[in-house]
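Let's take a walk through this complex together, one chain at a time. Keep the viewer open and follow along.

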Amino acid sequence: MSIEAEHCAVGPGGPHLRVEVLSQPRYLAGLRELVLTISRRLGFGESAAGHIALAIDEALANVIRHGYEGQTDRPIFLAVSPIEENGQPAGIRICIEDHARQVDPSKIKSRDLEAVRPGGLGVHIIREIMDEVTYEPRSEKGMRVVMSKRITPGAAEGSGAPAPGGKSAS
Amino acid sequence: MNEELQIRTTSRDGAVVVSPVGEIDMSTSPQLRVALLQALQTTPSALVVNLSQVPSVDSSGVATFIEALRESQGRKIPFTLCSLAPRVRAVLEIARLDRVFAIADDVDQALEKKAS
């Protein structure tokens with residue numbers, strides 16, 4: 001089976017790193033660690049790097065849980081690019097692609113947080129943490145989510161969550 | 001797939017303290033869910049989840065806490081999370097659940113709250 005990703009291919013002007021992984025929850029910890037380490041190296045503080053790793057975990061878990069409905073033998077592509085300005089890291093962009101069923105991006109919503117119930121928090125967490133989140137169908141099959149977050153210069157490193165409706169900084 | 005989470009369950013003055021060790025995510029949260037629901041089956045005077053050795057929790061872990069909270073409420077058993085690492089507390093804050101759960105600094109404080 002050909003498992004070619006459309007936009008996750010490593011190359012000049014594209015992602016600097018690409019991982020192809022089976023849709024198995026056991027690999028989430030390693031992928032979190034990878035994203036955590038890269039985020040730190042790009043200049044994010046400890047708290048923000050942890051938040052970014054959490055957002056990526058949630059996006060990957062959504063692919064496994066909802067996209068592939070728990071199937072553990074399907075491909076997921078994770079690509080990471082630095083956002084650069086004047087040759088300096090200014091943020092991070094992460095692209096996750098799959099071969100799962102396609103859904104209307106407008107249907108991908110956070111749930112009502114007033115209702116205290118299990119499930120449905122992943123999309124909310126992703127949107128709270130990342131500056132930009134775009135879901136789109138790939139041209140042939142599967143979905144793509146592109147998430148980015150910028151380093152905020154001079155922002156104090158905090159240990160807490162992003163302010164409600166706001167974003168954690170560097 | 002649940003091989004990475006160790007869970008220690010102890011009894012103290014009629015309460016049960018469940019202490020997972022490791023990261024709680026989609027892979028490991030089913031294991032924690034079983035431990036918490038089993039603990040509630042024993043009808044303890046309180047259930048405390050000691051998170052001192054848990055560096056991070058994702059939404060599947062939060063969902064597990066919510067399910068255990070609901071089950072505890074149904075049985076009128078106080079349910080407390082304690083010793084939250086910054087990243088764990090942050091997830092609850094992002095999900096706006098930090099005021100839904102009883103949160104203590106450590107196990108001793110959690111058990112004192114139960115007694116008071």
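## Before we start

A word on terms: two strands count as paired if DSSP finds at least two bridges between them. Please also keep in mind that this is a predicted model. The predictor gives the complex an ipTM of 0.88 and a pTM of 0.88.

## The sheet of chain A

Let's begin with the strands of chain A. Five of them make an open sheet in the order S1-S2-S3-S5-S4 (chain A), and the pairing is antiparallel. Strand S1 (17-22) and strand S4 (132-137) of chain A are the edges; each has a single partner strand, so one side of each is left without a neighbour in the sheet. From one strand to the next, the twist averages 15 degrees.

## Strand S3 and its two partners

On one side, S3(A) pairs with strand S2 (residues 75-85) of chain A in the antiparallel sense, over 10 bridges. Here Ala79(A) stands opposite Cys95(A) in S3(A). The hairpin of S2(A) and S3(A) has two residues between the strands, and in it Asn86(A) takes a positive phi near 55 degrees.

S3(A) is also joined to strand S5 (residues 143-150) of chain A, by seven bridges, and these two strands run antiparallel. Which residue in S5(A) is the bridge partner of Ile92(A)? That partner is Lys149(A).

## Helices of chain A

Now turn to helix H2 of chain A. H2(A) lies across S2, S3 and S5 of chain A and runs at about 10 degrees to S3(A). Two packed helices are described by the angle between their axes and the distance between the axes. For helix H1 (residues 28-42) of chain A and H2(A), the axes come within 8 Å and cross at roughly 145 degrees. This crossing of H1(A) and H2(A) is right-handed. On the H1(A) side, the contact includes Leu28(A), Leu31(A), Val35(A) and Leu36(A), while the residues they meet in H2(A) include Ala49(A), Ile52(A), Ile56(A) and Leu60(A). By class, the contact of H1(A) with H2(A) has 10 nonpolar, two polar and three charged residues.

H2(A), which spans residues 46-67, also packs with helix H3 (residues 122-129) of chain A: their axes come within 9 Å and cross at roughly 145 degrees. Here H2(A) passes H3(A) in a left-handed crossing. From H3(A), the contact has Gly122(A), Ile125(A), Ile126(A) and Ile129(A); among the residues they meet in H2(A) are His51(A), Leu54(A), Glu58(A) and Asn62(A). Sorted by class, the contact of H2(A) with H3(A) has eight nonpolar, three polar and one charged residues.

## Chain B as a whole

Let's move on to the other chain. The mean pLDDT of chain B is 93, and 95% of its residues reach 70 or more. Where pLDDT is low, the predicted coordinates should not be read in detail.

How many helices and strands does the secondary structure of chain B come to? There are four helices and five strands in chain B, and from the N terminus on its elements run β-β-α-β-α-β-α-β-α. For 116 residues, a compact globule would have a radius of gyration near 13 Å, and chain B agrees with this because its own value is 13 Å. Taken along the principal axes, the C-alpha atoms of chain B fill a box of roughly 35 × 25 × 25 Å.

## The sheet of chain B

The five strands of chain B form an open sheet in the order S1-S2-S3-S4-S5 (chain B), with mixed pairing. Strand S1 (6-12) and strand S5 (102-104) of chain B are its edge strands, each pairing on one side only. The twist in this sheet averages 25 degrees from one strand to the next.

To finish, look at S1(B) beside strand S2 (residues 15-21) of chain B: the two pair in the antiparallel sense over seven bridges. In S2(B), Pro20(B) is the bridge partner of Ile7(B).

Technical notes:
Residues are numbered from 1 along each chain as its sequence is written. Chains are lettered from A and ligands numbered from 1 in the order in which they are written. This is a predicted model: local features need pLDDT of at least 70, side-chain atom pairs count only at pLDDT 80 or more; totals for chains, interfaces and linings use all residues. Axes are lines fitted to C-alpha atoms, for helices over the stretch in contact, and angles run from 0 to 180 degrees between N-to-C directions. A crossing is left-handed if the near helix is turned anticlockwise from the far one by less than a right angle, and right-handed if clockwise. Two residues are in contact if their C-beta atoms, placed from the backbone, lie within 7 Å. Ala, Val, Leu, Ile, Met, Phe, Trp, Tyr, Cys and Pro count as nonpolar, Asp, Glu, Lys and Arg as charged, and the others, Gly among them, as polar. pLDDT is the predictor's confidence in each residue, from 0 to 100. The radius of gyration is taken over C-alpha atoms; the globule rule is 2.2 Å times the number of residues to the power 0.38.
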